[in-house]
Amino acid sequence: MSESTPFRVALTADFYHSDGALKYRDIGLDSLESAGGFSVSRFATHLPEIGAEQLSGVNGVIVLTPTVTAESLAKASELLGIGRFGVGYDGVNVGACTAADVVLFIAAGAVDHSVAEATVGWMLALNHHIRKKDHLVRLGHWDARSQYMGSELRGRTLGVIGFGGIGQSVVRLLSTFGMNTPLVYDPFVSPEAVTRAGVKTVSLEQLLTQSDFVSIHCPLNSSTRNLLSQRELSLLKPTAYLLNTARGGIIEEDALYDLLRAGKIAGAALDCFVDEPIIVPPRWAQLDNVLLAPHSIAWTDELFRDIGRAACQGMIDLAKGHRPKGVINPEVFDRASFLAKWKRLIQGGTK
């Protein structure tokens, strides 16, 4: 990388308004400006799936919502890295990235606090019937307030499915609420993380039957798709609340809808859905025991700044010959063809 041959980073068009102005206050681009040696551009048009032509001549791309397929990478001879603006990567064909000699990395750790804070906020909103009480005032139904007695988090049990950075942050934020020992289901959690957080690992069935709140923080993959189907959901207490800030597809939506409509669980808070975006009023809107958000409940200025800085730092690392944090396909570094490409594009930087 040099001033004469800058490292070319492109951003997908959904970061911008049609007039070219950024939609968000700060997405960390100052990191690239400070580093020097980078040119930053944006895709001219937004496509649900990145087109091969959009990646032609690009060294790194920061992706917000479009998917990345094998077809997307057909002309990726100059592409070294893809930075997902977030921590989910179910919309990226990881195998195709490796085959095309492209590093895929996520903003590991950058979302933990914001998602955890939003999760705790939703727990309080559900437990205190905030949505319903708001409506009582708006409709002038003041005297109906005695029908909506809330309950405290104190003495309640949280169940966390997926105990990575976000799940651990949720437990930390809730540590002063006087809740019971949190229950965790995560086949891959380390004993050190369990000890450090003071949680108890249990089976999925135990977690569902014993928890007052079940919060999902695992990725969507072949082993977690429909992890909570009708059988699992039926194990929940009738007083339990279910929260999903992870991905649509982890919960079997038909089964959850039926349980909520029948009042067999107390409620749910859903930030993500199988089919997104939702552009017509969904069936969930018919239920008054559900809180909904358009896959953005944790979106804050601070979150986008931190994610952006992480994504930009990944590009800086690659351009300097260093492995970025949050790499999803580390096997790419064992490929001679990738190493040759990396050396060519950064003009001999050391790894």
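A disulfide is a pair of cysteine sulfur atoms within 2.5 Å. By this rule the count here comes to zero disulfides. The structure is a predicted model, in which local features need pLDDT of at least 70 and side-chain atom pairs count only at pLDDT 80 or more, while totals for chains, interfaces and linings use all residues. Residues are numbered from 1 along each chain as its sequence is written, and side-chain values use heavy atoms, with hydrogens and water left out.

**Cysteines**

- The closest cysteine sulfur to that of Cys272 is in Cys218, 9.9 Å away, which is too far for a bond.
- Cys272 counts as buried at 3% relative accessibility, where buried means under 20% relative accessible area, exposed over 50%, and partly exposed in between (1.4 Å probe, protein chains only).
- Cys218 is buried too, with a relative accessible area of 10%.

**Asp14**

- Asp14 lies in the loop between strand E1 (7-11) and helix H1 (30-35); helices (H or I, at least four residues) and strands (E, at least two) are DSSP runs, numbered from the N terminus.
- Asp14 is buried, with a relative accessible area of 8%.
- The side chain of Asp14 makes polar contacts with the side chains of Thr12 at 2.6 Å and Thr65 at 2.4 Å.
- A polar contact is a pair of N or O atoms within 3.5 Å; within protein, one must be able to donate a hydrogen and the other to accept it, and residues adjacent in sequence count only if both atoms are side-chain atoms.
- Setting aside neighbours within four places in sequence, Asp14 is in contact (heavy atoms within 4.5 Å) with Lys23, Tyr24, His46, Leu64, Thr65 and Pro66.
- Asp14 and Leu64 are 50 residues apart in sequence, and their C-alpha atoms are 6.8 Å apart in space.

**His129**

- His129 sits in the loop between helix H3 (112-127) and helix H4 (130-139).
- The relative accessible area of His129 is 17%, so this residue is buried.
- The His129 side chain reaches the backbone oxygen of Met149 at 3.2 Å.
- Not counting residues up to four places away in sequence, His129 touches Tyr148, Met149, Gly150 and Tyr241.
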